[in-house]
Amino acid sequence: MSDTRIIKKRYIFMAFVFVGLALLLVLLPEKQISKQIKPEKLLQEINDNTRYFSTDDVAAKIIESDLFIQPIDVRTPEEFKKFHLKRAINIPLDSILNKDEKGNFEYANILNQEVKSNVLYSNGTIYSNQAWLLLRRLNFKNNYVMEGGLNKWIETIIRPQKPPVTASQNELDKYSFRKAASMFFGGGSVNVASSESSAPAPIIKKKAMKEEEGGC
Amino acid sequence: MGPLFTATDEWSFVIALVIGIAFGFILESAGFSSSRKLAGVFYGYDFVVLQVFFTAAITAAIGLLFFEYFGWLDLSAIWINKFYIGSAILGGGIMGIGFIIGGFCPGTSACASAVGKIDAMLFLGGFIVGVILFDAFFPFYKGFYKANNMGGALIYEDLGMGKYTFLLLFVIVALASFIATAYIQKRVSKKSEKY
């Protein structure tokens, strides 16, 4: 009998401890917890390359109609109008941190993602990386960068180069995928001007783009 | 402070192993390698499983929020699984049925196998076959599996209340459930004594 009493007393004591601690958290003065990413973590993320999506990955996901990927064009609206990836939306780099009248980030619900993976791209990777850095600094999640930007997209997906006969099976497979992707996106043997229905033709010329980007 | 190890660190496997062994040891010490004890929640004669897991949840929640408050832990760095509501409901149902038929959940079956229980070994075998079949037929139900992704959902955000208020309510609900289950347990064991 005395045993059960001791146990019961213990339980009651623990119940009070739990409620007391929870109540303490409610009553403690609110503390501003910085939502920004820690500098060390940001540095680590800059140095590793996990933020990059290859052009092949992006192409495959767009072809598969994978809705969990969201291409975001960070170039100017004029450039976006000329050419953009299928399903891409345009959020120019200079307006990426725009705030609404309440002081909240205008694009936060798109750029701070729990569900989709945003793939930022520009002509090269300088602007897309800058956009990524701004967003990571704010601890916005699920933002990635398309490796090599549109320059590489044209190079690998729209106009893939045939590998030498001695190339590995892996490379040959990659080439056949790229050729198929090129047809899908309206490059390769298909007239470039009659590109994908939702997007205007890829009329950006490689050389011109490199000049714009400052050789990235 | 922290993270002590990053996800890409090769040490993460060692840490996972150590935590796994500690978890298994505690499950076994709490008596969770007995399928009778686990099934007791369903039949109403033993609620230790519910009490242990509820206590673990509130202890961890209080601890994590205090750690965050003192700046020792960055809660935003903790990965939260994506919440696919359809597959969570269906999966929860299948898991519950499997639990009551087999008398184990995946973790406790591994734990009971380690102490030599043959039924648990069979359960674990079935579990592995299930994993292989699930993987083999995945393309058939991929659409349903990945539908309705609600992201890393947080219940207090969806309820529109502060996390500390939610924690307090959660603690009260946990304690109330302890009292209620103790009462049910008493009645069920009294009934079984009669027969």
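Visitor: Which residue just after H4(B) takes a positive phi?
Guide: This is a predicted model, so the angle is a model value. Just past the end of H4(B), the phi is about 85°. The residue there is Gly103(B).

Visitor: How far apart are the end C-alpha atoms of H4(B)?
Guide: Helix H4 of chain B covers residues 85-102, which is 18 residues.

Visitor: Does H4(B) lie largely buried or in the open, and what is the count behind that?
Guide: H4(B) has 18 residues. A residue needs 20 or more other C-beta atoms within 10 Å of its own to be buried. In H4(B) the number buried is 1, so the helix lies largely in the open.

Visitor: How are H7(A) and H8(A) placed relative to each other?
Guide: H8(A) spans residues 169-184, and its axis is 8 Å from that of H7(A). The two helices pack at an angle of about 110°. Angles from 65 to 115 degrees fall in one class. H7(A) and H8(A) are therefore roughly perpendicular.

Visitor: Which residues of H8(A) make the contact with H7(A)?
Guide: H7(A) brings Thr156(A), Ile157(A) and Ile158(A). The residues of this contact divide into 3 nonpolar, 2 polar and 1 charged. From H8(A) come Arg178(A), Ala181(A) and Ser182(A).

Visitor: Which element gives the most to the largest nonpolar core?
Guide: That core has 27 residues, and Ile157(A) is among those with the most contacts inside it, as are Val74(A) and Met146(A). Helices H3, H6 and H7 and strands E4 and E5 of chain A each supply at least two residues. With 5 residues, the top contributor is H7(A).

Visitor: How many residues are in the second, separate core?
Guide: This core includes Leu25(A) from chain A. It also includes Leu167(B), Leu168(B) and Ala174(B) from chain B. Its size is 11 residues.

Visitor: Which element gives the largest share of the side of chain B that touches chain A?
Guide: The contact takes 17 residues from chain B and 15 residues from chain A. On the chain B side, 10 are nonpolar, 5 polar and 2 charged. Two elements there give two or more residues, H3 (48-69) and H9 (163-194) of chain B. The largest share, 7 residues, comes from H9(B).

Visitor: What percentage of chain A is buried?
Guide: The secondary structure of chain A comes to 9 helices and 5 strands. The chain has 216 residues. The buried part is 25%.

Terms used: Residues are numbered from 1 along each chain as its sequence is written. Chains are lettered from A and ligands numbered from 1 in the order in which they are written. This is a predicted model: local features need pLDDT of at least 70, side-chain atom pairs count only at pLDDT 80 or more; totals for chains, interfaces and linings use all residues. Two residues are in contact if their C-beta atoms, placed from the backbone, lie within 7 Å. Helices (H or I, at least four residues) and strands (E, at least two) are DSSP runs, numbered from the N terminus. Ala, Val, Leu, Ile, Met, Phe, Trp, Tyr, Cys and Pro count as nonpolar, Asp, Glu, Lys and Arg as charged, and the others, Gly among them, as polar. A nonpolar core is a set of buried Ala, Val, Leu, Ile, Met, Phe, Trp, Tyr and Cys residues joined through C-beta atoms within 7 Å. A residue is buried if 20 or more other C-beta atoms lie within 10 Å of its own, exposed if 12 or fewer, and partly exposed in between; C-beta atoms are placed from the backbone. The expected span of a helix is 1.5 Å times one less than its number of residues. Axes are lines fitted to C-alpha atoms, for helices over the stretch in contact, and angles run from 0 to 180 degrees between N-to-C directions. Angles under 35 degrees count as roughly parallel, over 145 as roughly antiparallel, 65 to 115 as roughly perpendicular and the rest as oblique.
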